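Have the sequence and the 3D view open, and look for each residue as it comes up.

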Amino acid sequence: MLQNISRITREAALRDVRLKIDTAYVAPGMYVAQRDRPWLGTPFLFQGCEITDSVELAQLQKYCRFVYVDIRRSSMPAMEIEARLQRASTSRGDSITAVS
């Protein structure tokens with residue numbers, strides 16, 4: 001599982017690929033490119049945005065179950081995203097999916 005996440009995050013960073021992840025794994029610095037619901041159904045003003053603080057993160061988690069994170073547009077380094085997802089998937093056994 002850990003090798004699979006490593007491969008997926010590197011693949012996503014090199015190509016224009018988004019990672020479908022549970023909102024429990026999202027952190028400030030990650031760029032949310034797409035949500036699991038229409039944008040008009042959330043308090044967010046833009047279709048894509050970087051999560052900048054815990055208030056935005058709490059709002060995201062309140063309205064969405066999963067999101068698509070764009071690693072290339074995130075200010076959080078790809079290696080940090082990868083490490084965070086590895087820890088989370090190990091503890092919860094969830095899967096991370098790359099979507100083009």
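Start at Tyr 31: its backbone nitrogen lies 2.8 Å from a polar atom of the side chain of Ser 74. That counts as a polar contact, meaning a pair of N or O atoms within 3.5 Å; within protein, one must be able to donate a hydrogen and the other to accept it, and residues adjacent in sequence count only if both atoms are side-chain atoms. Before you go on, know that this is a predicted model, where local features need pLDDT of at least 70 and side-chain atom pairs count only at pLDDT 80 or more, while totals for chains, interfaces and linings use all residues. Residues are numbered from 1 along each chain as its sequence is written, and side-chain values use heavy atoms, with hydrogens and water left out.

**The whole protein**

- You'll find 3 helices and 5 strands here; helices (H or I, at least four residues) and strands (E, at least two) are DSSP runs, numbered from the N terminus.
- Along the sequence, they come in the pattern α-β-β-β-α-β-α-β.
- Of the 100 residues in the protein, 40% are buried; buried means under 20% relative accessible area, exposed over 50%, and partly exposed in between (1.4 Å probe, protein chains only).
- The accessible surface comes to about 5,800 Å², and 51% of that belongs to carbon and sulfur atoms. Accessible areas come from the Shrake-Rupley method with a 1.4 Å probe, and for residues only the protein chains shown count as cover.
- Take the contacts with a separation of 6 or more: 71% of them are between residues 24 or more positions apart. Contact means heavy atoms within 4.5 Å.

- Ser 74 sits in the loop between strand 4 and helix 3 (78-92).
- Ser 74 is buried, with a relative accessible area of 10%.
- Not counting residues up to four places away in sequence, Ser 74 touches Gly 29, Met 30, Tyr 31, Glu 50, Val 69 and Ile 81.
- Ala 33 is 41 residues from Ser 74 along the chain, yet their C-alpha atoms are separated by 9.7 Å.

**Two residues of strand 4**

- Phe 66 lies in strand 4, and Asp 70 is found in that strand too (residues 66-70).
- Leaving aside neighbours within four places in sequence, Phe 66 is in contact with Lys 20, Ile 21, Asp 22, Thr 23, Arg 35 and Asp 36.
- Asp 70 is buried yet has no salt bridge, and the nearest side chain of opposite charge, Arg 18, is 4.6 Å away.
- A salt bridge is a side-chain nitrogen of Lys or Arg within 4 Å of a carboxyl oxygen of Asp or Glu. For charge, Lys and Arg count as positive and Asp and Glu as negative; His and the chain ends are not counted.
- A polar atom of the Asp 70 side chain lies 3.0 Å from the backbone nitrogen of Arg 72.

- Look for Gln 61 in helix 2 (residues 54-63); Gln 61 is partly exposed, with a relative accessible area of 34%.
- The side chain of Gln 61 reaches the backbone oxygen of Thr 23 at 2.9 Å.
- Beyond its neighbours within four places in sequence, Gln 61 is in contact with Thr 23 and Ala 24.
- Gly 41 is in the loop between strand 2 (31-35) and strand 3 (49-50), and Gly 41 is partly exposed at 36% relative accessible area.
- Gly 41 and Tyr 63 are 22 residues apart in sequence and 8.1 Å apart in space, C-alpha to C-alpha.

**The cysteines**

- A disulfide is a covalent bond between the sulfur atoms of two cysteines.
- How many disulfides does the structure hold? The count is 0, where a disulfide is a pair of cysteine sulfur atoms within 2.5 Å.
- Cys 49 is in no disulfide, and the nearest cysteine sulfur, that of Cys 64, is 9.8 Å away; that is too far for a bond.
- Are these two cysteines buried or exposed? Cys 49 is buried, with a relative accessible area of 15%, and Cys 64 is buried at 5%.
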